[in-house]
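Trainee: I'd like to learn how to read strands and sheets in a model. Can you walk me through it?

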Amino acid sequence: MNILQSISCTHLQYYFLLFLFSYLPLISSCGYENFVHLADQPDGGYYVMKGDILFFRYYQEYSFTGNAQSLAYRILDRQGNTIRGVDTNGNLLTPDSNEIGVSLGDNFIALYFQPNNLIEGQYYMMEITSIKGEKQYCRFRRE
């Protein structure tokens, strides 16, 4: 390994650790019990999202093959307009969307939003579609 490779590796490790430790207190302080559990039907309840991160738990009960390892989701505003999402084929529905990788079993996911992407005090609906087309929902409000 030459000096250039070791410097690059060291810088990458530094930035990765800086990123990890900057979010570690936030993730560890919320605990698994604070991750939103998705409902099979939309209901009247809602989750209060503080800041720009939505924490939710998704259970992948089916094994998958090929490119089906990413989660299909949509974030809808009160009028039903898709403001962010990825379809079941992994196609981005909006420019600021990103794919969410999932594995078999429990997945604890932090979905990051750009600042000012969601309006404070407004309600939103997250719709998740499984590989088999089953839908789950979470209603939330940003504070």
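Mentor: Here is a short tour of the strands and how they pair. This is a predicted model, where local features need pLDDT of at least 70, side-chain atom pairs count only at pLDDT 80 or more, and totals for chains, interfaces and linings use all residues. Residues are numbered from 1 along each chain as its sequence is written, and side-chain values use heavy atoms, with hydrogens and water left out.

Trainee: Okay, what counts as a strand, and what counts as a pair?

Mentor: Strands are DSSP runs of E with at least two residues, numbered from the N terminus. Two of them pair if DSSP finds at least two bridges between them. Take β8, residues 123-129: seven bridges join β8 to β9 (residues 135-142), and the two run antiparallel. Y123 has R141 in β9 as its bridge partner.

Trainee: Which strand do five bridges join to β8?

Mentor: That's β4 (residues 70-76), also antiparallel. There, Y73 stands opposite I128 in β8.

Trainee: Is β8 mostly covered or open?

Mentor: Mostly covered: six of its seven residues are buried, meaning under 20% relative accessible area with a 1.4 Å probe, protein chains only.

Methods
Buried < 20%, exposed > 50% of the residue type's maximum accessible area, 1.4 Å probe, protein only. Helix = DSSP H or I, 4+ residues; strand = E, 2+ residues; numbered from the N terminus.
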